[in-house]
Structure formats: structure tokens, C-alpha cells
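Please look over the sequence and the 3D structure below before reading on.

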Amino acid sequence: MNGPLFPPGGGGVDGADAQTMAAVRSMQMLMESCPGKTAVSGVMGFALGGAFGLFMASMQYDTPLATNPNAAAITSLPLRQQLKQGFRDLGSRSFSSAKNFGKVGAIFAGTECCIEGFRAKNDLKNGVMAGCITGGVLAAPAGPQAAALGCAGFAAFSLAIDSYMRRPSETD
């Protein structure tokens, strides 16, 4: 096993110090627990959503000002105010996207982990069921039809992603 914690040339597990091995064990225990997976997925989803939201919000300013209904109000402000308002908008959109991605990641990971623990199997059905539950929960405030469509859509997306990720690699 090679990597930053296990140097090549015989260092291996025996060559690592006790503190490093304890950190590795604690990370493994965290990622094997459902609350740990849920928290890590929520935090990582929050970070990814923030970056995605920042990117998508910055794309709005790439369009001509004539298509923006607030263009007259923005262009009449001094440059410093325009920048301040633009950065405030970028921040709020990025934070909103980060919250949404974090919520989706936490709900999906927690649900999938609970289903996997209950079924005691690791297969495609876990992701499909977790996707259905996640999509249904996220769309439930819009009504039962939206919840059913959210369930079906998120389950299909989970199936597609899991099928792609579980396929054998070309080197196997």
C-alpha cells in the first residue's frame, strides 16, 4: 500500500507512527457510521454547492445588461456600489445553492446508509430507494404529485449514477 501515509519501500503499516494510525482509524470509524457519513456528505455538498452557486451566479453577469430588468437601476449607481451589490448577490446565491446541495447530500447519504444497514446488503437497490425517499422528501412541500415525480426522478438519477460507478473498469 503506497500513499502519503504509507511510503513505498517497506515502510508500510509498521513504519507509520501511532498517532497517524490512530487518525486513520478514527476517520475510518467516522466514515463507517451513518451520522458520520451524513455529516460529511452534508459538509461536502455545502462546499460543492457554494462553488457551483458562485460559478452560476457569476454567469448571470456575463449576459448583456439590456436583457437584465434591473440594468437601469444598477448602471445608474457608482462603480463602488455596483461592485458591492454584485458581490452581495454572488454571496447570497452561492449560500443558497450551498444550503440546497448540503441538504440533498445529507438526506441522501443518511437515508442510503440507514437502508444499507437495515437490509445488510450493498447493492443498487439501496441507492434507488434512498433516491426515491430523498426526491420525495424534497418535493413533498409542493404536493403529492410533485413528491411522486421527485421520487421517480431522483431514483432514476441514482440508478444511472450507481450503475455507471459500479461497472467494472477496463483494467479488471
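Predicted model: local features only at pLDDT ≥ 70, side-chain atom pairs only at ≥ 80, totals over all residues.

Residues are numbered from 1 along each chain as its sequence is written, and side-chain values use heavy atoms, with hydrogens and water left out. The protein chain has seven helices and zero strands, where helices (H or I, at least four residues) and strands (E, at least two) are DSSP runs numbered from the N terminus.

**The chain as a whole**

- From the N terminus on, the order of elements in the protein chain reads α-α-α-α-α-α-α.
- Of the 172 residues in the protein chain, 24% are buried, a word that stands for under 20% relative accessible area, with exposed meaning over 50% and partly exposed in between (1.4 Å probe, protein chains only).
- The accessible surface of the protein chain is about 11,800 Å², and 67% of this surface belongs to carbon and sulfur atoms; such areas come from the Shrake-Rupley method with a 1.4 Å probe, and for residues only the protein chains shown count as cover.
- Among contacts (heavy atoms within 4.5 Å) in the protein chain with a separation of 6 or more, 55% are between residues 24 or more positions apart.

**Helices α6 and α7**

- Helix α6, residues 124–139, packs with helix α7, residues 144–166, at an angle of about 150°, and their axes are 7 Å apart; the axes are lines fitted to C-alpha atoms, for helices over the stretch in contact, and angles run from 0 to 180 degrees between N-to-C directions.
- Residues that make the contact include Gly 127, Gly 131 and Gly 135 of α6, together with Ala 147, Gly 150 and Phe 154 of α7.
- The residues of this contact between α6 and α7 divide into ten nonpolar, eight polar and two charged, with Ala, Val, Leu, Ile, Met, Phe, Trp, Tyr, Cys and Pro counted as nonpolar, Asp, Glu, Lys and Arg as charged, and the others, Gly among them, as polar.

**Thr 111 in helix α5**

- Thr 111 is part of helix α5, which covers residues 79–119, and Thr 111 counts as buried because its relative accessibility is 16%.
- The side chain of Thr 111 reaches the backbone oxygen of Ile 107 at 2.6 Å.
- Once its neighbours within four places in sequence are left aside, Thr 111 is in contact with Ala 130, Ile 133 and Thr 134.

- Gly 53 lies in helix α3, residues 34–60, and is classed as buried because its relative accessibility is 5%.
- Apart from neighbours within four places in sequence, Gly 53 is in contact with Arg 93, Ser 94 and Ser 97, and its C-alpha atom is 7.3 Å from that of Phe 95, 42 residues apart along the chain.
- Gly 91 is found in helix α5 and counts as partly exposed, at 37% relative accessibility.
- The C-alpha atoms of Gly 91 and Gly 53 are separated by 8.7 Å, although these residues are 38 apart along the chain.

**Ala 120 in a loop**

- Ala 120 lies in the loop between α5 and α6, and its relative accessibility of 68% makes it count as exposed.
- Although Ala 120 is not a glycine, it has a positive phi of about 60°.

Note on methods: Polar contact = N/O pair within 3.5 Å; in protein donor to acceptor, adjacent residues only side chain to side chain.
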